[in-house]
Amino acid sequence: MTVSAGAPVRRLLASTRGRVELGLLALVLVLCAATAFVVVPAIAGGRKLAAEPVPAADLRAIVTAALSCPSLNPPRLAAQIMVASGFRDAGPHGNVAGIDPATWEAWRPSAYARPADRAAAIVALGRWTCDLVGQLRAAGLAGDLWPAAVASARAGVGAVLAAEGIPQADREFVDTVVAYSRWYADQPEFSPQSAGADLPGPPLPVPHDLVAPVLAAGRMCPVITPVRVAAQLRALSGFDVNRRSPDGRAGIAQFTPQLWARYQGDPGASMWNPSEAIPAMGAAMCGLTAELAVLGGDPFVLALGAYQWGAPAVRQAGGLPRSTVPQLADLAPAFVAEYERDPRLTAVAPSPSPSPSPVPATAAPVRPSPSPSPSKPVPKPLYKPGHAYVIHNAYTGGGVSLEVFGLDPSVAAGTQVNMHQHNGGPNQQWSLGAAGDHVTIKNAHYGMALGVENASTDAGAKIVVQPFVPGDTSQQWTLRDAGDGYVHIVNRKSGKELDLPGDEEAVPDTTGNWKGVRPEQRDAQKDALDHRWKLVEL
């Protein structure tokens, strides 16, 4: 007898117990379907669509923002910016990333960032895209979710989940973004093939007049040798002392303004002067190797990555940023072998002080003094020239920092500084440089110097940032030890101390973040908390 496939099911339905069993089975199947991952189909084809070139000034922001998640990379983020604005400032919402106000508030990189800040808008777009990828994956989608995230930014996560992928109405748009990303992946700024274009070139010896500063830079710490300094300069500028790059880097060592403000030696030094810029590069590389030692790996390679992308990007990536952009960390080491053959760079450095001649056998024995004077303890320096600090006040506490409000590079000269809740931003970082027996204090983001408004000597005059002027005594300060790790910061011209408006007046606003409290100068008050400042090295 032949039994049909439906017979067992009909027998189960004929009994109450059977109907219950079938119901439970159906429930299990539904639950399994609900928890199964839906694999989003990939965009078909390999179409490439020519786009606007990436402005050099945006390249660093794109690479660092693309570190937000593994699904994102620089060509993909460039493609998103292309469809959002064509790399023009006036996108649909007045910013290069085309981010609407509500999304900007959710993903702005800092409390002070503004949508018109191109770098901030690009970072916000990268973070938002990666959050959309995370939402889709948490909801059960799998595979390469970047195209689906692009669709979610346009149509919403709900529409993508309902379609179990890219909605039909958005496929043409997403296909265009993907086609742009394929084109960007072939461009020189994103192509790994271009990284070695200069490597097989003819030898390029270190110019004779640059040997001395190269040797000086290469003797600051064990990791950074003269040979490595020469290789880095070759990779950065080809020893061109007049090199200016579209992204704002300048001089033979291709300093950014922020990196220069942090590591320049003499406050009057110029990044265009190779005898000053090359030793400053050595100091920067030594500082970066020490700062990134916690990551492990080759400290020279990590420092090169930080010199190119910034230390925060290297820390976030846990090493070199994941990018197809040519890496300084690949270029510079490739030139090391060439400069190892230059005897000018490999000669053993002379001893700083010649060894004493041996004492003749006939000389009278040298006897120690019967009661040597005890050595005086060497006082600990109050700061390290060229290093970056955040500056706290004893009255407001360590959670509040001295800052220049915002991150707008066009901030006006004479802008008053203020106190605000600490966030680690570059506008809260200050570089101290020696000026004889005094110091200059420069903001790491803006490169401007801390001074007194209108160079006033009056009590109550506000403190501002101004373009640095060598010899301007209103921009020079004296640090005096105030005990317990604090200092008094005294203006050279006025003789008055950096101060908050007063213990009674300097109260936080309703959010508790001290916004609007403007430091000023006042006559010395030895024990007043609001006259005591702490320099915290970064």
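Helices and strands are DSSP runs, numbered from the N terminus, and a strand (E) has at least two residues. The exercises below concern a predicted model.

**Exercise 1. Placing His488**

Task: State in which strand His488 lies, and decide whether His488 is buried or exposed.

Solution. 
- Step 1. His488 belongs to strand β12, which covers residues 486–491.
- Step 2. The relative accessible area of His488 is 8%. Buried means under 20%, and His488 is therefore buried.
- Step 3. Beyond its neighbours within four places in sequence, His488 is in contact with Thr478, Leu479, Arg480, Ala482, Glu497, Gln525, Lys526, His531 and Arg532.

**Exercise 2. The protein as a whole**

Task: Find how many helices and strands the protein has, and what share of its residues count as buried.

Solution. 
- Step 1. There are 18 helices and 15 strands in the protein.
- Step 2. The protein has 538 residues, of which 46% count as buried.
- Step 3. Taking contacts between residues at least 6 apart in sequence, 61% join residues at least 24 apart.

**Exercise 3. Two helix pairs**

Task: Determine how α3 and α6 are oriented to each other, and do likewise for α7 and α9.

Solution. 
- Step 1. Two packed helices are described by the angle between their axes and the distance between the axes.
- Step 2. Helix α3 (residues 56–65) packs on helix α6 (residues 118–138) at an angle of about 25°, and their axes are 9 Å apart. Angles under 35 degrees count as roughly parallel, so α3 and α6 are roughly parallel to each other.
- Step 3. The crossing of α3 and α6 is right-handed. On the α3 side, Asp58, Ala61, Ile62 and Ala65 take part, and they meet Arg118, Ala119, Ile122, Val123 and Gly126 of α6. By class, this contact has 6 nonpolar, 1 polar and 2 charged residues.
- Step 4. For helix α7 (residues 146–155) and helix α9 (residues 171–185), the angle is about 130° and the axes are 10 Å apart. These two helices are therefore oblique to each other.
- Step 5. The crossing of α7 and α9 is right-handed. Trp146, Pro147, Val150, Ala151 and Arg154 of α7 make the contact with Phe173, Val174, Val177, Val178 and Ser181 of α9. Sorted by class, the contact has 8 nonpolar, 1 polar and 1 charged residues.

**Exercise 4. A covered helix**

Solution. 
- Step 1. The buried residues are Phe300, Leu302, Ala303, Leu304, Gly305, Ala306, Tyr307, Gln308 and Trp309.

**Exercise 5. A strand and its partner**

Task: Describe which way the residues of β8 point, and in which sense β7 and β8 pair.

Solution. 
- Step 1. In a regular strand the side chains alternate between the two faces of the sheet.
- Step 2. In β8, His438, Thr440 and Lys442 point one way, whereas Val439, Ile441 and Asn443 point the other way.
- Step 3. Strand β8 (residues 438–443) has 6 of its 6 residues buried.
- Step 4. Strand β7 (residues 430–435) pairs with β8 in the antiparallel sense over 6 bridges. Ser431 has Lys442 of β8 as its bridge partner.
- Step 5. The hairpin of β7 and β8 has 2 residues between the strands, and Gly436 takes a positive phi near 70° there.

Conventions:
Residues numbered from 1 in each chain as written. Predicted model: local features only at pLDDT ≥ 70, side-chain atom pairs only at ≥ 80, totals over all residues. Heavy atoms only, no water. Axes fitted to C-alpha atoms, helices over the stretch in contact; angles between N-to-C directions. Helix = DSSP H or I, 4+ residues; strand = E, 2+ residues; numbered from the N terminus. Parallel < 35°, antiparallel > 145°, perpendicular 65-115°, else oblique. Left-handed = near helix turned anticlockwise from the far one by under 90°. Contact = heavy atoms within 4.5 Å. Nonpolar A, V, L, I, M, F, W, Y, C, P; charged D, E, K, R; others polar. Buried < 20%, exposed > 50% of the residue type's maximum accessible area, 1.4 Å probe, protein only. Pairing = 2+ DSSP bridges.
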